[in-house]
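User: I've got this one open on my screen and I'd like to know what backs up the labels. Can we go through them one at a time?

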Amino acid sequence: MRVYLPSTLAALAPVLAVGQIGPAPVRGFAVTPALREWYASGDLEELEYVAMTQAARASLRLLHADPAAPRRRVVLVAELSDDLVMVRNGLDKPGQVEVTVPVLLADVVSGHVDDPVAADDIEAAAAALPAADAGDSDARFVVDGAEGHELLWYATQELAYLLA
């Protein structure tokens with residue numbers, strides 16, 4: 001199963017040093033039966049994009065919680081055995097899952113990270129999250145605007161260069 005794991009550049013450094021994401025359970029997003037039902041018209045590629053978008057939104061929440069982290073969303077993509085992944089769907093997150101063990105860096109197949117030019121929009125979106133969660137439509141517009149920035153693809157061996 002392909003699992004999309006939200007992260008930040010600040011959290012990526014220890015992952016690269018230790019060689020795993022954890023401790024377990026590790027929260028992520030994947031194409032689950034509930035996500036297929038929620039987005040019935042989508043093919044697998046579209047469903048995976050939705051799961052990655054959910055992980056990018058979760059990364060934005062991590063950035064809100066860590067004001068010192070560089071303002072770039074990070075999503076790590078891991079290929080895992082189905083038996084290591086538990087579906088934790090909620091009405092608002094139909095693709096949410098938990099990985100029951102630490103995710104080995106060897107299982108990460110790619111990383112997706114904002115371009116540095118998106119930093120101002122990502123900063124504004126992270127700051128607007130509480131108001132957006134409270135129902136402020138202007139704040140929701142700012143948060144949704146962050147999703148207008150496509151995440152760039154990185155091979156796993158390139159992730160260390162993002163920290164330089």
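User: Which residues is S7 in contact with, leaving aside its neighbours within four places in sequence?

Analyst: Bear in mind that this is a predicted model. S7 is in contact with L12, S59, L62, V74 and L76. Those count as contacts because heavy atoms lie within 4.5 Å. S7 itself is found in strand β1.

User: And what makes S7 count as buried?

Analyst: Its relative accessibility is 6%, and buried means under 20%, so S7 counts as buried.

User: What joins the side chains of D114 and R73?

Analyst: A polar contact of 2.7 Å. Leaving aside neighbours within four places in sequence, D114 is in contact with R72, R73, I122, H149 and L151.

User: What makes a set of residues a nonpolar core here?

Analyst: The members have to be buried residues of the listed kinds, such as Val, Leu and Ile, joined through side-chain atoms within 4.5 Å. The largest such core has 21 residues, and V3, L5, I21, L76, L80 and V103 touch the most other members. β1 (2-8), α1 (9-18), β4 (73-79), β6 (96-99) and β8 (108-113) each supply at least two residues of this core. A second, separate core has 14 residues, including L35, M52, A56 and V75.

User: Which residues does V103 touch, not counting those up to four places away in sequence?

Analyst: V103 touches L5, G19, Q20, I21, V26, A78, L80 and V108.

User: How do you know that the span of α3 is close to the expected one?

Analyst: Helix α3 (residues 44-65) has 22 residues. From its first C-alpha to its last it reaches 32 Å, close to the 32 Å expected at 1.5 Å a residue. Among its buried residues are L47, E48, M52, Q54, A56 and S59.

User: Why is the protein called as compact as a globular protein of its length?

Analyst: It has five helices and nine strands. The radius of gyration is 15 Å, close to the 15 Å that the globule rule gives for 164 residues, so it is as compact as a globular protein of that length. The C-alpha trace spans about 40 × 40 × 25 Å along its principal axes.

User: How many of the 164 residues are buried, as a percentage?

Analyst: Buried residues make up 41% of the 164. As for contacts between residues at least 6 apart in sequence, 75% join residues at least 24 apart.

Technical notes
Residues are numbered from 1 along each chain as its sequence is written. This is a predicted model: local features need pLDDT of at least 70, side-chain atom pairs count only at pLDDT 80 or more; totals for chains, interfaces and linings use all residues. Side-chain values use heavy atoms; hydrogens and water are left out. Buried means under 20% relative accessible area, exposed over 50%, partly exposed in between (1.4 Å probe, protein chains only). Helices (H or I, at least four residues) and strands (E, at least two) are DSSP runs, numbered from the N terminus. The expected span of a helix is 1.5 Å times one less than its number of residues. A polar contact is a pair of N or O atoms within 3.5 Å; within protein, one must be able to donate a hydrogen and the other to accept it, and residues adjacent in sequence count only if both atoms are side-chain atoms. The radius of gyration is taken over C-alpha atoms; the globule rule is 2.2 Å times the number of residues to the power 0.38.
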